[in-house]
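Biologist: Could you take me through this model and tell me what stands behind each label?
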Amino acid sequence: MVTGLVFYPNVSTPFLVPKISSIKCTKVALKRGLCVKQPKCALDASHGGNVSKFPRMNVWDPYKLLGISRYASSEEIWSSRNFLVQQYAGDERSVESIEAAFEKLLMRSFRERKATKMNLKARLKKKVEESPSWVKNVLGCLELPSLSIIARRLFLFSFMAGWSIMNSVETGPAFQVAVALGACVYFLYDKTKNGRRGFILGFGSLVAGVICGSCVAPAIPTTILPPTWTLEMIVSMVVYVFLFLGCTFLK
């Protein structure tokens with residue numbers, strides 16, 4: 001009987017004079033089991049308009065919209081954005097307004113960093129133009145290569161220095177210094193396309209390194225140096241530095 005009432009609600013029986021469809025879900029009917037109150041689904045809340053909406057969707061200022069100050073750091077901006085997106089994830093318009101404000105702040109930060117770099121370059125250029133003529137001549141002989149070129153040449157001369165240290169007891173660093181000088185001259189020739197200029201700059205870097213090393217080596221306490229390091233070894237280390245700087249940054 002109960003099964004028949006569930007699947008055929010309009011069928012009347014001698015036990016129930018009124019039809020099931022005409023019974024109202026009053027408290028008495030609920031107690032007697034004559035009607036069943038349908039449960040509400042949790043998903044109905046998200047589709048029925050019970051989702052909280054972001055109250056500052058129409059605020060134009062992205063800082064006020066995200067609830068942060070104008071001096072907020074990037075970590076604070078990211079934290080505010082993540083918190084608001086998580087809180088109002090059920091409302092698409094709210095999330096869109098939060099993301100739009102966040103993108104505005106990102107673009108503004110990018111433009112400010114770019115303007116700062118441009119201003120720094122302009123100030124450096126102005127200082128160079130206002131500097132004495134000999135400073136301009138010195139700076140005119142220098143250039144800044146790419147990081148990959150700097151890294152490769154630094155690795156080469158560091159390898160030559162390590163090779164000299166390992167063979168210091170046997171033969172000394174003369175052969176390694178000669179190889180480093182040849183590499184320096186080659187790099188300068190490849191850069192300037194002038195063999196004479198490349199040789200002069202490379203040999204000049206060698207001479208400058210020898211002179212500077214000869215002045216620095218006696219001032220270094222022997223207690224901090226390995227026992228196998230001689231004056232020639234210390235001078236060769238300084239020479240490698242000058243050869244690296246010469247072939248990398250000289251025009």
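What follows is a chat about labels and the cut-offs behind them.

Modeller: Ground rules: this is a predicted model, where local features need pLDDT of at least 70, side-chain atom pairs count only at pLDDT 80 or more, and totals for chains, interfaces and linings use all residues. Residues are numbered from 1 along each chain as its sequence is written, and side-chain values use heavy atoms, with hydrogens and water left out.

Biologist: How many helices and strands does the protein chain have?

Modeller: There are 11 helices and zero strands. A helix here is a DSSP run of H or I with at least four residues, a strand a run of E with at least two, numbered from the N terminus.

Biologist: Why is I200 called exposed?

Modeller: Exposed means over 50% relative accessible area, buried under 20%, and partly exposed in between, using a 1.4 Å probe and protein chains only. I200 has 53%, so it is exposed. It lies in helix α10, residues 195–216.

Biologist: And what makes S74 partly exposed?

Modeller: Its relative accessible area is 44%, so S74 counts as partly exposed. S74 lies in helix α5. For the protein chain, buried residues make up 27% of the 251 residues.

Biologist: Which residues form the nonpolar patch on the surface?

Modeller: F199, I200, F203, V207 and I211, with about 480 Å² of accessible area together. Patch residues have over 30% relative accessible area and no salt bridge; nonpolar side chains (Val, Leu, Ile, Met, Phe, Trp, Tyr) are joined within 5 Å, like charges within 9 Å. A salt bridge would be a side-chain nitrogen of Lys or Arg within 4 Å of a carboxyl oxygen of Asp or Glu. The areas come from the Shrake-Rupley method with a 1.4 Å probe.

Biologist: Which residues are closest to the centre of the second largest pocket?

Modeller: That pocket holds about 200 Å³ of space. Of the 13 lining residues, A72, S74, I77, L105 and S109 are closest to its centre. A pocket is an open set of points on a 1 Å grid where a 1.4 Å probe fits, with protein on both sides within 12 Å along at least five of seven lines; lining residues have an atom within 4 Å of a point. The largest share of the lining, seven residues, comes from α6.

Conventions. Grid points are joined across faces, edges and corners, and a volume is the space filled by probe spheres set on the points.
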